[in-house]
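Visitor: Hey, can you walk me through part of this fold? I'd like to ask as we go.

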Amino acid sequence: MAHSPTDFLLGRRFLLASALTSFALPALADLGPDLLKGSIARMVLVKPPKPVPELAFADADDKPLKLADYKGKIVLVNFWATWCAPCVKEMPSLDRLQGEIGKDKFTVLPLSLDGPSRPKVAPFYEDRKLTSLGIYFDKGKKSMQALDVTVLPTSILVDRDGNEIARLEGEADWDKQEAIALMKAAIG
């Protein structure tokens, strides 16, 4: 039975997509419930991974950025604010996590929801000696709304292709061994 050129090309695309996916799955397969211990035990794995809508935000200099700018990296998007006590408590551990893992394959993306209190963010970083994290703002809380975030802090783990693979609502000790192990498993 002969196949039309369109059917043949479509079939080849599915085969190629399946092959490429199988190379990415080992890292995701390592993200199992057995890794969710300690302060990250409340993290919820998203299976199957769900595409994250395009997120737009700004850096400290008001330069517009998108989540797509981080494609190819594992990203831990963290929604926080200087007026949120659990967020304030959590930020130093996020800074240590970024410092421990480095920025080659992994980025902590702390999206501040500070609007009128925005001028407090840079001094907050200086006072707490947060040197590994960048300063980013979710202007108008658009990214927060796009990801249906209702609790602060909320952290969303995004894979290299821009899919949500895990979510944790509330604070965590991100510099503990279990959190570091989870991020390293996600990196592969």
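Visitor: Which residue is the bridge partner of Ser-112 in strand 6?
Guide: That's Phe-137. Keep in mind that we're looking at a predicted model.

Visitor: And how do strand 5 and strand 6 pair?
Guide: They pair in the parallel sense, over two bridges. To get from strand 5 to strand 6 (residues 136-137), the chain passes through helix 3, residues 121-127, in a right-handed β-α-β crossover.

Visitor: OK, what about strand 4? How many bridges join it to strand 5?
Guide: Seven, and those two strands run parallel.

Visitor: What sort of unit do strand 4, helix 2 and strand 5 make?
Guide: A right-handed β-α-β unit, with helix 2 covering residues 85-101.

Visitor: Is strand 5 mostly covered or mostly open?
Guide: Mostly covered: seven of its seven residues, 106-112, are buried.

Visitor: Which way do its residues point?
Guide: Phe-106, Val-108, Pro-110 and Ser-112 point one way, while Thr-107, Leu-109 and Leu-111 point the other. In a regular strand, side chains alternate between the two faces of the sheet.

Visitor: New topic: where's Gly-115?
Guide: Look in the loop between strand 5 and helix 3.

Visitor: Why is Gly-115 called partly exposed?
Guide: Because its relative accessible area is 42%, and partly exposed covers the range between under 20% for buried and over 50% for exposed.

Visitor: How far apart are the C-alpha atoms of Gly-115 and Lys-141?
Guide: They're separated by 9.0 Å, with the two residues 26 apart along the chain.

Note on methods. Residues are numbered from 1 along each chain as its sequence is written. This is a predicted model: local features need pLDDT of at least 70, side-chain atom pairs count only at pLDDT 80 or more; totals for chains, interfaces and linings use all residues. Side-chain values use heavy atoms; hydrogens and water are left out. Buried means under 20% relative accessible area, exposed over 50%, partly exposed in between (1.4 Å probe, protein chains only). Helices (H or I, at least four residues) and strands (E, at least two) are DSSP runs, numbered from the N terminus. Two strands pair if DSSP finds at least two bridges between them. A crossover is right-handed if, with the strands pointing away from the viewer, the path from the first strand over the helix to the second runs clockwise.
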